[in-house]
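Work through the exercises below with the sequence and the model open. Each task is followed by a worked solution.

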Number of protein chains: 2
Amino acid sequence: MSKKDEILRAAAYLFATKGFKEASMAEVAAMTATAGSNIFYHFKTKEDIFLAVLKTIKDDMLTQMESLLSDQQFTCGMRMIEHLVASYLGMAESNPNWFMLLHRSYPHELAAVNPSCRESLAAIYEGFIDLFERAIRAGQEDGSVTKGSARKKAMVVFAMVDGVVRFDTHHLYEAGALYDELMNSCQCMLKPSA
Amino acid sequence: MSKKDEILRAAAYLFATKGFKEASMAEVAAMTATAGSNIFYHFKTKEDIFLAVLKTIKDDMLTQMESLLSDQQFTCGMRMIEHLVASYLGMAESNPNWFMLLHRSYPHELAAVNPSCRESLAAIYEGFIDLFERAIRAGQEDGSVTKGSARKKAMVVFAMVDGVVRFDTHHLYEAGALYDELMNSCQCMLKPSA
DNA sequence: CATAAAACTGACTGATCAATCAGTCAAGGA
DNA sequence: TCCTTGACTGATTGATCAGTCAGTTTTATG
């Protein structure tokens, strides 16, 4: 792995666990066993590093998202949705730093003034919501999901699932303990009303 | 209003809109038309100000929460839940700074090492979740809500509602536009399955 | 009015940290 | 061997900012 990638990895970890302002370049330098000044040979500014980190997270997430619905067959749309919810929780468990970073305010505030940041963030959120929306539409066609705006339903489901993940991020409650309840709620709110 | 309260108000605004590290005491001083040093006559450290801010928010929130279920009669538990969801959205709309502050990572990270912060945060979250839990229990008794762990159901509902509020905070989507869908999802996931 | 306490101020300090820069070092090609 | 180029470094700078302190002003009280 190149030094540049090492720096990115270290910065990703520190930005996620400590926050943008709280993480110092000196720490990144220490973690990568390099001089602080070398970081600015590879990157122009601290913010540039953050943008690069966010972009790699976005790329990695999109790659994982792609395989979520394409890898297998589903008996109906509802099964797709269950799979997505489980996958989201799984992704959050195996990549906690991604979600710690996304659950911080900094990226959202930077997005308001920085197009590159805005694009990465939007791609991630739209990616997930699109997945849920696709699954809901499929379910509406095969009759396993109730009618209504698929987009809005997708957003509410996403809000719920991400809300539970956030309980984990903020150490309020273990997400796994809510798994069954979450999945059940998801089914109830989407299934046709008998 | 005393200078001390003015400082608290200004700090509350800045901590909410900019974040703890990003808000400087010089700004607080400017907003309250006082010298920077005077702030440290009223408070020992910046962190103390944050704790005081969080405590007043907690107190104000708990006061509002108390009146939520006691002010009126409900025909059934499900109506209570609907009322709580609507009230939560209303509270977020009329006090956006409260939720901006709570949706930041800083308070949760400080809570890990500071008992006062931990108490305030826990009181707020437990307060809300207790309200939902009470409503769900009431609904389970009168038959308007399905059986199962009231606590877990309350947490999932809270995660969903707060997740939607967060869309607002982070400028991802207007919460009001999801109101109907949110309320409907809430009803579907809690009502007995026919 | 006198006086003490409370409120407030301006100048300063020490620490932190992103960013710069002039220069060193190592690898590879001619 | 020399030279070029990219990777890397140490020393430094300038800005920011929480917090201090010695001293002044305001307010309340007897």
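**Exercise 1. How many helices and strands does chain A have?**

Solution. Start with the conventions. The model is predicted, with local features requiring pLDDT of at least 70 and side-chain atom pairs pLDDT 80 or more, while totals for chains, interfaces and linings use all residues. Residues are numbered from 1 along each chain as its sequence is written, chains are lettered from A, and ligands are numbered from 1, in the order in which they are written. Helices (H or I, at least four residues) and strands (E, at least two) are DSSP runs, numbered from the N terminus. On that basis chain A has ten helices and zero strands. Its pattern along the sequence is α-α-α-α-α-α-α-α-α-α. The C-alpha trace of chain A spans about 65 × 30 × 30 Å along its principal axes.

**Exercise 2. Describe how α5(A) packs on α8(A).**

Solution. First take the geometry, using axes fitted as lines to C-alpha atoms (for helices over the stretch in contact) and angles from 0 to 180 degrees between N-to-C directions. Helix α5 (residues 77-94) and helix α8 (residues 115-142) of chain A pack at an angle of about 160 degrees, and their axes are 7 Å apart. The two helices are therefore roughly antiparallel, a label given to angles over 145 degrees. Their crossing is left-handed, meaning that the near helix is turned anticlockwise from the far one by less than a right angle.

Next take the residues, where contact means C-beta atoms, placed from the backbone, within 7 Å. Those of α5(A) include A:Met78, A:Ile81 and A:Leu84, and those of α8(A) include A:Phe132, A:Ala135 and A:Ile136. Then sort by class: Ala, Val, Leu, Ile, Met, Phe, Trp, Tyr, Cys and Pro are nonpolar, Asp, Glu, Lys and Arg charged, and the others, Gly among them, polar. The contact has nine nonpolar, three polar and one charged residues.

**Exercise 3. What rotation superposes chain B on chain A?**

Solution. Copies are superposed by least squares on the C-alpha atoms of residues with pLDDT of at least 70 in both. A rotation of 180 degrees with 0.0 Å of shift along its axis does this, with RMSD 0.0 Å. The copies are thus related as by a two-fold rotation axis. In chain B, the C-alpha nearest the axis belongs to B:Met160, 1.9 Å away. Both copies use the same surface, as 100% of the contact residues of chain B recur in chain A.

**Exercise 4. Which residues are closest to DNA strand C, and which to DNA strand D?**

Solution. A residue counts as near a strand if its C-beta atom, placed from the backbone, lies within 6 Å of it. For DNA strand C there are 14 surrounding residues, the closest being A:Met25, A:Ser37, A:Lys46, B:Lys3 and B:Ser37. For DNA strand D there are also 14, the closest being A:Lys3, A:Ser37, B:Met25, B:Ser37 and B:Lys46.

Note on methods:
Contact = placed C-beta atoms within 7 Å. Parallel < 35°, antiparallel > 145°, perpendicular 65-115°, else oblique.
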